[in-house]
Structure formats: C-alpha cells, structure tokens
Amino acid sequence: MSAITEQKCPHCGGAVEFNVGAQKLKCPYCDAEFDIAAMQQAEDFAANTVEQINWNSQGSQWDAGETDGMNVYACKSCGGEIVADATTGATSCPYCGNQVVMQGQFSGALKPDLVIPFKLDKKAAKEALKKHFRGKKFVPKAFLAENKLDEVKGVYVPHWLFSCDAVVNATYQAEKYKHWSDSKNEYTETTAYNVYRSGSIGFDNVPVDGSTKMPDDLMESIEPFNLNEAVPFNTAYLAGYLADKYDVDVNQSMGRANERIQASALDAFEDTVEGYNAVTPMQAAMQVANGSYKYALYPVWILNVKWKGQNHTFAMNGQTGKFVGNIPTEEKKAKLIGGLGGAAVGALIYIIINIISSL
Amino acid sequence: MTKKIFAILVAATVCLSMALSASAYTSQYVYDPEYNLSDSELYELNNYAAGIENESGYALIFCIISDNGGMSNAEFAEEAYYSYTDSENAVVFVHNETEKVYNYYIAGDENGAFSDAVIDAMKTAYDTNESYYGGIMGFYAAAETALEAPSYNTAPIGGNAVTNAPGSYVTEFEKVERTLPLVVDQANIIPDDVEAALIARCDTIAEEYEMEVAIVTASDFGGLIAEAYADDFYDYNGYGYGENDDGMLVVYKPGEEGEREIYITTHGNGSSVFFQGIREGIITDMKNYLIAEDYEKAFNTYLDRAEEQLKPGTPVIWLFVLALVGAVVGLLITGSMTSKNKSVVAQNHAKVYTRQGSMVVTGAQDVYAYSFVDTKPKQTSDSSDDDSTHTSSSGRTHSGSGAKF
C-alpha cells in the first residue's frame, strides 16, 4: 500500500494520498479521486510496452541465364544505376538527365517477385503533365512559356512490400465532461477513464521505395498501385523501359514500413474508444505477427522539366495515371496579392457600409 | 452623615457643571441616547464640533443609536439634520449599533469637501478607535482635515448608506443638473482663449451628437485614485447627455515625469462608442502634446478623436478591422491556391493497405480513473467584454482607461 500512496496524480502531478474514509486515492492538490485498482492497472501496462517487430523473409534468386541481355548503366553525375535490356539501351539518367555509360552485364541482387506492367504510355504521361500545369495559379509565366520537357522515361522502380498482422496493446486516457451551474458558479465535472484496447489488424503490401535516387516522398505521392494486376516477374516486361536496381535493402526499409503500419494500427484502435468527449493516447505497444515481404517493380513515368538550368521532376503512376510534382510558385507575389487584395476588399466593404448608413 | 453631605455636594456640583456645559453650545452635535459617552466626553466632543462649525460653516453631527424609531437609518440621518442644526452645510453620521450599519446624510456641502474617500476616512477613524470618545474625536479630526481643502463635487449629494461590506457604497444615486461647463481647468493650465474655444467645441459636440464630451484638469485628485476622481466628478457634477447621461470625461493632472496622470471615464452610450481600444488610442495620441505642455493640441486631439467616433457611419476602427480580416481571408485564399501547386507529400499512414475485415479487438476495458470538479464564478449578465467596466461610488457603471507618465 505504501508503494501506491507514493504515486503521482495523473491529473496534476501532485503526490496522491490514500483516503481511508473513501478507500480511494485522493490528490490533495486538485481533489481528484482515483480507484486503486485502476491506478495499479495503468502501472502494470506502462511496464509492459515492449515493441517487437519480426519479419519473415521471402524473395528468390535469379535463374541461370535469366539476366542475359540485361545491361547495367551508371550515371556519372548522380551515381544512379539503371538496368535496361540490350535492345532498349540507355543514354541518359532518368533521375538527373545526365549521360549514362554502360557498366557491363547485370548481375547480383534479388530477383523481383512481382512486377506491375505499364498500362499508360509516354503520350499519356506528356498529356498528364500539360493537364497538371493547367489552372494552377501563381506559377511564373516564364516557367509555363519556357519550360522544356527534357526527357520522359518509363522506369520500373524497386519497392519492398510488407505484409503483417499488427498486434496492438494500447492505453488511452479518455474524459467525459458534465456542465452545470447555479446562480453563482459554473461547474465542470471531468471524469477520467483509463481505456485499454488490444487486438490485431492486418496490412497487405505496404510499399517502401527501394531506390535511393528516387525521392521517397515522390514515390509515396503516386500511391496506391493496384497489386491485383501484378504478375510474376519476367524480364520480358522490361523491354522498352528502364529498371532501377534496389540499393536500399529490406532491412533498411523495414523502419519506414513499421512507421506507417504502426500509425494506422493505432489510429484504428483509437477509433474504437467511443462515447467520450476527449481521448488522448498514452502508451502503445505493437508487435508483428505473420510478417512477410516481397520485392516488386512498380511502373513509374519520370518527366524531367528543365527551367533556368534547374531540373524539376514530375512522376506519374504508370498503372493508375496519378500525376504529381511540385510546380515552381511565386510565393511572395501570392502573399502580396492575397494580403493587399483582401485588405482592399475589406476597405471597400467599409465604404459601402458607410454609404448605405448615410442614406 | 458627613459622607452623605459630601455626596450630595458632589452630585449638586456635577449637575451644575452639566447645566453650565449645556449652555456652552447652542447646537447639539453628538447624539447619544444610550449613554455610551460620559458627560465630560460629550461636552468636549460638542465643543470640538462647535469649533469646526464656527471655522467652516459645516455642522458635523454624530449619532450613536440602537433604535431608529421605525425609520430607515438614512431617514433618521436626515431627520437628525433638521432636528439638531440650522446650518445649510452639514454631515450627519449615524451608527446603528443594533444593525451594525453606518449611514450618513450630507446637506449642502457647497465646498464639495466630503468625497467618498473623506467619508471613508472619517468612518475608519471612528471604527479603528476602541472607545466611543476616541472614535468620534478621530471622526471630527478627519472631517476637519477635509474641510481645509475644498474642491468641486466629487462626493455624493444627498443621503447614501455606507455598509460594512468592503468597497460597497450603495444606494440610490440622486441625479443632479450640470452647472459646471464642459471644460473645467482647475489646474489652470489652459489659456483662457483656448479654454473658451474648447468649451464652445464641447458644446457643439454635445448638441450635434447628443453626447457630452468633457475635459477636467486638476492639480491633485484629493486623495482619490484617478478612476474614482473621474467617475465622481462625472456623477456628482451632473455630466452626461440625456436620460442615460451619455458621455466621456477626461481628467488630467499635470506634473513632472512619472507624475502626470490621465484618465478617461465613460458612461451610458459613451462606454459603447468610446470603448477601451478607442480610449487607449486617444490617450496615446494626447501623451506627447501633454508632455510638451501643448494643451491646446492635446485637448483638441481628444475632441478630434471623439468626433471621429461620433460621426455618422461606421467608426474608423472598423476600417482597420475589415481590412485586417480581408487581408487574412485573402492570404488564406491565395495560400489555398498555391498549396495546389505542391503535390509531393509523404504518406505517413498505411490505411489504404489495411486488410479488409482483419481487425479483431480481443481486449477492451474502460476503467474509471478519477474525477474532479472545476468551479468558475458565473459571469453576470451585465458584465462586459470591456474589462475596464466598473462601478463608481455612486453605484453607476463606468468604463475607463488611464495612464501615468
């Protein structure tokens, strides 16, 4: 009992005391009352928040002779390595637009499990770029007039796909509020609960970009890909396209997959805490069961636009057509027009009100 | 036998001396039906009060009662005035021991000597002395001090009750007609021609906008804080236009750096027209002129700003408010437009990859932890967002802003 009486108030942080009459813990500073069993349960949970993630590996090796006719090219500028079959060849880097040189025949690295074939062609990508610029405000006119579409390349980008059952143990502090008043005062009663949730939720094929040259946020922006249309990898799909070799291995990619899975798993369990006015996540532990990963190639159109010597990269999902890319923007001009224009409209309203009131 | 004769002689001497003492004053100043005071004490106190009346023309009457004869204490105080003195200027103070209440009645007070603060000081002098005699002596001494520094009315005229509740002077405020001009230069800092022009301008404003805008200067605030002085000057000298006494009054006390003091009080519609931001703006605009002792510019700035607010149409402050709101809305709109130019955003969730129907909740407990009640005093219905709103000694509501520089 003495161990409990030395505990701190979860509401104000003051040392709580055991109230013999109420048979409860009570905070002498904020008058909050606690149930002893609830306090102990919260302690026990806090001591048991070990996070553990285990993934089972899959993946396969190349068959003998399978990589024949596939050449590796290296970019002298950004160091990117790309793969192209002998008939396609490669002359420039899809990431930075600089020249590439053939390093030799492709070898090593895991063989992809899956590939999503390109469904949209280069023409569609170019059209999508034009559409992407259409209707955008505060884009420098010179950019729209002078930009030069330097290169459009279809690239198979390596992705690690993680699947698992996320086993969650989470605790939340939830509060209910009750308001009332009398002639002198207004009262708010806050009743706090320790809420525990445990269970599991499954995730399938959470992708993580396996290429360092391809910006992660650019790849995540063109998600999702429809994996139902994926087929077992065959080098025949590379004809006419470039392919990137993964240079971020599966172990390095797990961290990002873990972040995304954990965030969504905890959100899903928080959604089950219902009937309260406020819910605050306190502690959470997640373990992975049945974890597995695959290696897949995703089809991406990369469009490099050069303006004033700078390269602006846009990307299109080669399967769904989702198009992304940041367009140069005149931020200062936008703020100036927004601020001054808005103030002018405000002043105009003032003048109109004065005219109407003087009639 | 010798002892008896001696006792009779002593009694006869005392009776004679009482008769003599009674003949030493014509008015009765101290009324003590419960015999709390000895005869000699009564004699001394009445003589002291008579001396004050001779010097100042004010009769100061003190009554200690336990029964007000069915009247209210205020009525008793008024009745005592008519019963015990012929003086036109008088203060009657009644201490009802049974009800533990103090009341006073002020008649005349042509010098405006008895402000709330003075009455308070007199009451405190009485209260803090353990004996009745010492208390009433203190009461008269405080009154005598106040009578040495007459000023304009900053005290209630007519009967008011002083209760023991801290800071609450109560009751019915008796409205008086304004006899003073709208510019009162007690500190003598405004040149006569400027004062005349300011008065004319104030009169025009009052006539045109039905709002009295007044200016008062003072060398000191008679022991009051600037807020109380301004409020009392406004209330007890009958300032304000119309039924609601709408108006604004600025009081300014000149002095060295750090001693100059300015306070603007508003009442009635004046409080809504000249709200806190406006009052503070006026003071800011006046400050430099006051420091430079350019009183013509200082008080004309005050009147300029007042007129700006009073002119038909929306006050100028709203121009700034609308322009500011417009600018914020404008920035939000252009911000929303430019945000569409940025489409590369990292995805920090994996919701879209959730396996359909895979979520299983195996444990769910909602355990009571603790509860507490927060208590906040209720805002009264007449409370205002303007935190400078307060109740003056007359019981009326004023708003005000001030500065010392």
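Predicted model: local features only at pLDDT ≥ 70, side-chain atom pairs only at ≥ 80, totals over all residues.
Chain A contains 7 helices and 14 strands, while chain B contains 11 helices and 12 strands. Of the 359 residues in chain A, 36% are buried; for the 405 residues of chain B, the share is 38%. Contacts also tell how each chain folds back on itself. When contacts in chain A between residues at least 6 apart in sequence are considered, 72% of them join residues at least 24 apart. In chain B, residues 24 or more positions apart account for 65% of the contacts with a separation of 6 or more.

One position to look for is T265(B), which stands opposite G400(B) in strand 12 of chain B. In general, strands of a sheet pair through backbone hydrogen bonds, either parallel or antiparallel.

Helix 7 (residues 226-236) of chain B is mostly covered, with 11 of its 11 residues buried. The buried residues include A226(B), A230(B), F233(B) and Y236(B), and also E227(B), D231(B), D232(B) and D235(B). What lies over them? The cover of these buried residues includes helix 4 (116-127), strand 7 (212-217), strand 8, strand 9 and strand 12 of chain B. Just after helix 7 of chain B comes G238(B), which takes a positive phi of about 75°.

Nonpolar residues gather in cores. The largest nonpolar core has 85 residues, and those with the most contacts inside it are L60(B), I61(B), V91(B), V92(B), L249(B) and V251(B). This core lies between domain 1 (23-162) and domain 2 (183-315) of chain B, because both domains give residues to it. Another core, of 75 residues, lies apart from it and has A32(A), Y156(A), A230(A) and L242(A) among its members. Returning to the largest core, one of its residues with the most contacts is V91(B). Leaving out residues up to four places away in sequence, V91(B) touches Y58(B), L60(B), Y104(B), I106(B), F114(B) and A143(B).

In chain A, strand 8 (residues 148-181) and strand 9 (residues 185-209) form an antiparallel pair joined by 22 bridges. These two strands of chain A make a hairpin with 3 residues between them. Along this pair, K178(A) has E189(A) in strand 9 of chain A as its bridge partner. Elsewhere in chain A, S77(A) sits in the loop between strand 4 (70-75) and strand 5 (81-85). Is S77(A) buried, exposed or partly exposed? It counts as partly exposed because it has 14 C-beta neighbours inside 10 Å, and a residue needs 20 or more to be buried but 12 or fewer to be exposed. S77(A) and C93(A) are 16 residues apart in sequence, and their C-alpha atoms are 8.7 Å apart in space.

Finally, the two chains meet: 56 residues of chain B are in contact with 75 residues of chain A. On the side of chain B that touches chain A, helix 11 (317-339) and strand 10 (360-377) of chain B each supply at least two residues. Strand 10 of chain B gives the largest share of that side, 18 residues. By type, the residues on this side of chain B divide into 29 nonpolar, 19 polar and 8 charged. Strand 10 of chain B also pairs with strands of chain A. With strand 9 of chain A, strand 10 of chain B pairs in the antiparallel sense over 16 bridges, and N194(A) stands opposite V367(B) in strand 10 of chain B. Strand 3 (residues 33-34) of chain A also runs antiparallel to strand 10 of chain B, joined to it by 2 bridges. Here F34(A) stands opposite Y370(B).

How values were computed. Residues numbered from 1 in each chain as written. Chains lettered and ligands numbered in written order. Pairing = 2+ DSSP bridges. Helix = DSSP H or I, 4+ residues; strand = E, 2+ residues; numbered from the N terminus. Core = buried A, V, L, I, M, F, W, Y, C linked by C-beta atoms within 7 Å. Domains from an automatic or database assignment. Contact = placed C-beta atoms within 7 Å. Nonpolar A, V, L, I, M, F, W, Y, C, P; charged D, E, K, R; others polar.
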